[in-house]
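Work through the exercises below with the sequence and the structure at hand. A worked solution follows each task.

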Amino acid sequence: MSGPSWSERLLGGLKRTSERLGENLSGLTGKSRLDDDDLDRIEEALITADLGPAMAARIRDRLSERRDVAANGTEELRKVVAEEIAAVLRPVAEPLEIDAFPRPQVILVIGVNGSGKTTTIAKLAHLFQEQDYGVMLVAGDTFRAAAIGQLKVWAERLGVPIMAGPEGGDSAGIVFDAVKQATATGIDVLIVDTAGRLQNKRELMDELAKIKRVLGRLNPAAPHDVVLVLDATTGQNALSQIDVFREVAGVTGLVMTKLDGTARGGVLVAAAERHGLPIHAIGIGETMGDLRPFDADEIAGIIAGNIR
Ligand SMILES: Nc1nc2c(ncn2[C@@H]2O[C@H](COP(=O)(O)OP(=O)(O)OP(=O)(O)O)[C@@H](O)[C@H]2O)c(=O)[nH]1
């Protein structure tokens with residue numbers, strides 16, 4: 001396939017974050033020692049680059065112990081920043097493993113409409129297919145016919161079975177039927193799409209709670225994973241979505257999408273620092289192959305890379 005490579009696209013998605021840092025730090029060149037004003041500027045730059053105040057303070061502290069790094073050129077400064085970011089990201093880099101017994105492993109996928117939920121479901125299904133697992137999709141968002149239709153298109157493209165009811169159908173009932181069928185047919189992974197109407201928190205909570213209750217009746221361990229899909233282009237907004245969805249659904253892990261294009265990917269670091277939830281993968285495009293493992297050192301390196 002022609003076009004930009006994985007890393008070029010990822011670089012694009014983190015560019016805004018890394019450029020913000022780069023611009024703010026370029027004035028430090030030639031100094032022999034960082035003074036308090038320099039540290040203030042760095043801290044501010046890190047905050048405007050979406051890394052969040054806690055992370056910015058952490059890096060500032062680290063640099064205040066290493067004020068001489070500026071004397072060794074910006075390369076050294078870059079290394080210290082990258083290392084601090086990587087230290088926060090490494091513990092949360094955790095791929096989604098299929099290890100549930102008895103099968104199927106049930107993965108509930110949640111997130112606001114437009115976050116890239118449906119596309120992420122297709123990408124995950126593709127990934128698991130490549131690992132030789134039998135996958136089935138469930139159209140649990142019954143509020144919009146378009147959502148059901150879109151998932152059906154992906155199921156066909158992937159060549160995987162799908163359980164879908166009519167628009168307005170009872171999603172918990174559909175999920176129940178899907179688990180029964182998946183169990184009977186030896187499916188390994190059941191990926192469930194859910195409604196993402198964040199504006200109505202009560203209804204969303206009731207709906208997700210009902211799906212979880214029904215699942216628990218068939219298998220107390222289900223859902224095994226509750227994966228929240230976040231859109232990197234929403235920047236800080238992604239953080240409040242984590243708060244809300246943790247409260248309504250008990251999130252077990254994250255996938256961040258749209259880390260290509262004009263994303264504000266620095267928010268990944270803020271999310272990791274604040275929540276410590278596993279980050280399973282990142283999305284960097286619209287096709288089923290555009291899911292990439294979350295590589296802490298790679299991301300940290302790119303974010304810090306433009307400091308000059
Ligand atoms: N550039 C880019 N676009 C993406 C990515 N993931 C999803 N998209 C696009 O974002 C748009 C929304 O994605 P969907 O998967 O339909 O999102 P959804 O959350 O299911 O949204 P609804 O269908 O409205 O519920 C689509 O145009 C996708 O092609 C990604 O990683 N990168």
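**Exercise 1.** Find the contacts of Gly-265 outside its sequence neighbourhood, then decide whether Gly-265 is buried or exposed.

Solution. Leaving aside neighbours within four places in sequence, Gly-265 is in contact (C-beta atoms, placed from the backbone, within 7 Å) with Gly-13, Leu-14, Thr-17, Ala-232 and Leu-259. The model is predicted: local features need pLDDT of at least 70, side-chain atom pairs count only at pLDDT 80 or more, and totals for chains, interfaces and linings use all residues. Residue numbers start from 1 along each chain as its sequence is written. Helices (H or I, at least four residues) and strands (E, at least two) are DSSP runs numbered from the N terminus. Gly-265 has 28 C-beta neighbours inside 10 Å and therefore counts as buried; the cut-offs are 20 or more for buried, 12 or fewer for exposed, and partly exposed in between.

**Exercise 2.** Determine the strand order of the open sheet and identify its edges.

Solution. The eight strands run β3-β2-β4-β1-β5-β6-β7-β8, with mixed pairing; a pair requires at least two DSSP bridges between the strands. β3 (162–164) and β8 (291–293) each have a single partner strand, so one side of each lacks a neighbour in the sheet. From one strand to the next, the twist averages 25°; axes are lines fitted to C-alpha atoms, for helices over the stretch in contact, and angles run from 0 to 180 degrees between N-to-C directions. Within the sheet, β1 (residues 105–110) pairs with β4 (residues 189–193) in the parallel sense over five bridges. Leu-108 stands opposite Val-192 in β4.

**Exercise 3.** Describe the shell around the ligand and state which helix gives the most to it.

Solution. The ligand is surrounded by 20 residues (C-beta atom, placed from the backbone, within 6 Å). The closest are Gly-116, Lys-117, Thr-118, Thr-119 and Gly-283. α5 gives the most, with three residues. By class, the shell has two nonpolar, 13 polar and five charged residues; Ala, Val, Leu, Ile, Met, Phe, Trp, Tyr, Cys and Pro count as nonpolar, Asp, Glu, Lys and Arg as charged, and the others, Gly among them, as polar.

**Exercise 4.** How many residues does each domain bring to the contact between domain 1 and domain 2?

Solution. Start from the bounds, 6–92 for domain 1 and 105–295 for domain 2, which come from an automatic or database domain assignment. The contact takes 18 residues from domain 1 and 24 residues from domain 2.

Definitions and conventions. Contact = placed C-beta atoms within 7 Å.
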